[in-house]
Amino acid sequence: MGNTPLVELERLLPGFEARVFAKIERFNPGGSIKDRSGLSMLSSAIESGELVPGRSVVVESSSGNLAVGLAQICRYFGFRFICVVDGKTTEQNLAILRAYGAEIEVVTERDELTGEYLPMRLRRVRELVARTPYAFWPNQYANLLNPQAHEKTMGEIARALDGRVDYLFCSVSTFGTLRGCADHIRKEGMDTTVVAVDAEGSAIFGLESTRRLIPGHGASVVPALMDPTAADRVVHVSDLDCVVACRRLIHREAILAGGSSGATVAALARLRDEIPADSTVALVFPDGGDRYLDTIYSDTWVRRHFGEVSHLWKD
């Protein structure tokens with residue numbers, strides 16, 4: 001796990017003179033950056049004996065990627081895993097979870113206040129933990145072992161670029177990745193501008209929470225891990241921004257990336273005129289696009305939600 005490729009994107013933004021690199025986290029065993037978080041949050045409990053194979057039950061809420069990472073880890077170590085997902089979780093992710101033997105709880109009711117699933121997922125997790133003997137809740141939204149895992153992520157980026165990372169673009173949801181990367185930057189005294197990429201309709205940075213289509217970034221409640229000092233800039237992107245950026249990325253760089261990866265590309269495009277020509281820019285791509293084939297990469301799905309917009313990404 002870890003030591004994922006850092007790929008230079010030479011065709012992404014024609015005329016942009018800064019160097020741009022993408023940290024391709026889909027090459028972790030479970031297919032996303034959340035593998036790092038999952039292993040970090042379970043490892044200490046395994047080492048301390050709090051998690052016991054054949055007895056312990058891991059219970060967690062996830063929109064998809066952490067669920068897959070935890071399912072793989074729990075299958076390997078022999079823990080029962082109950083995952084609380086929602087109506088936005090793709091059929092492909094559900095199939096992967098079933099293949100690993102995870103027990104799936106699907107929340108179909110949205111929170112009345114926010115219109116989102118997350119508050120209801122968290123309520124279901126608390127109910128399950130309360131009534132399940134030997135239950136263990138990693139709680140990715142508040143567990144400090146989540147961001148600690150991503151100090152290593154940033155360390156890998158920094159080493160690959162000889163310590164020079166002028167800008168880091170990172171999408172936010174639990175705030176684990178961005179906070180961990182920012183912690184590494186601070187500890188090492190790096191002169192890096194950290195750009196948090198959030199979704200329009202996400203409550204993380206104080207906006208009103210509204211319904212969103214694309215999972216993986218943004219949140220309807222402010223995560224306990226949120227550190228307002230971790231980011232130097234915040235950019236909010238729409239669902240359509242993500243779709244266009246993902247489609248443009250595959251057209252220009254032949255990289256099939258997920259929605260939150262597209263979000264970082266959209267944010268970079270928005271700030272490109274502010275970034276000096278000799279800069280080195282790193283984007284964190286949390287997952288691949290193979291789990292978004294029925295949404296972001298489906299022409300039918302895109303037309304249903306946004307109309308005919310293919311001209312926005314075709315050169």
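Predicted model: local features only at pLDDT ≥ 70, side-chain atom pairs only at ≥ 80, totals over all residues.
Residues are numbered from 1 along each chain as its sequence is written, and side-chain values use heavy atoms, with hydrogens and water left out.

Let me stay with the charged pairs. Side chains of opposite charge can pair when their charged atoms come close. By the rule I opened with, the count comes to 16 salt bridges. One of them joins K187 to E151, with the closest N and O atoms 2.9 Å apart. K187 lies in helix α6, residues 176-188, and E151 in helix α5, so this pair ties together parts that are 36 residues apart in sequence; helices here are DSSP runs (H or I, at least four residues), as strands are (E, at least two), and both are numbered from the N terminus. Of the two partners, K187 is exposed, with a relative accessible area of 60%, whereas E151 is buried, at 18%.

Another salt bridge links R270 with D241, where the closest N and O atoms are 3.2 Å apart. Because R270 sits in helix α8 (residues 259-271) and D241 in helix α7 (residues 239-253), the pair ties together parts that are 29 residues apart in sequence. R270 is partly exposed, with a relative accessible area of 45%, and D241 also counts as partly exposed, at 24%. There is a network as well, in which salt bridges link K23, E25, R36 and E156.

Now to the helices: how do α1 and α5 cross? The axes of helix α1 (residues 34-48) and helix α5 (residues 145-160) come within 8 Å and cross at roughly 130°, the axes being lines fitted to C-alpha atoms over the stretch in contact, with angles running from 0 to 180 degrees between N-to-C directions. That makes α1 oblique to α5, since angles under 35 degrees count as roughly parallel, over 145 as roughly antiparallel, 65 to 115 as roughly perpendicular, and the rest as oblique. On the α1 side, the residues in contact (heavy atoms within 4.5 Å) are R36, S37, S40, M41 and S44, and they meet L145, N146, A149, H150, K152, T153 and E156 of α5.

I will finish with two buried residues. V197 is found in strand β8, residues 193-199, and at 0% relative accessibility V197 counts as buried. Leaving out residues up to four places away in sequence, V197 touches F169, C170, S171, V172, V235, V237, A263, T264 and A267. L161 belongs to the loop between α5 and β7 (167-171) and is buried too, with a relative accessible area of 13%. Beyond its neighbours within four places in sequence, L161 is in contact with L6, F21 and T280. The C-alpha atoms of L161 and A282 are separated by 9.3 Å, although these residues are 121 residues apart along the chain.

Note on methods:
Salt bridge = Lys/Arg side-chain N within 4 Å of Asp/Glu carboxyl O. Buried < 20%, exposed > 50% of the residue type's maximum accessible area, 1.4 Å probe, protein only.
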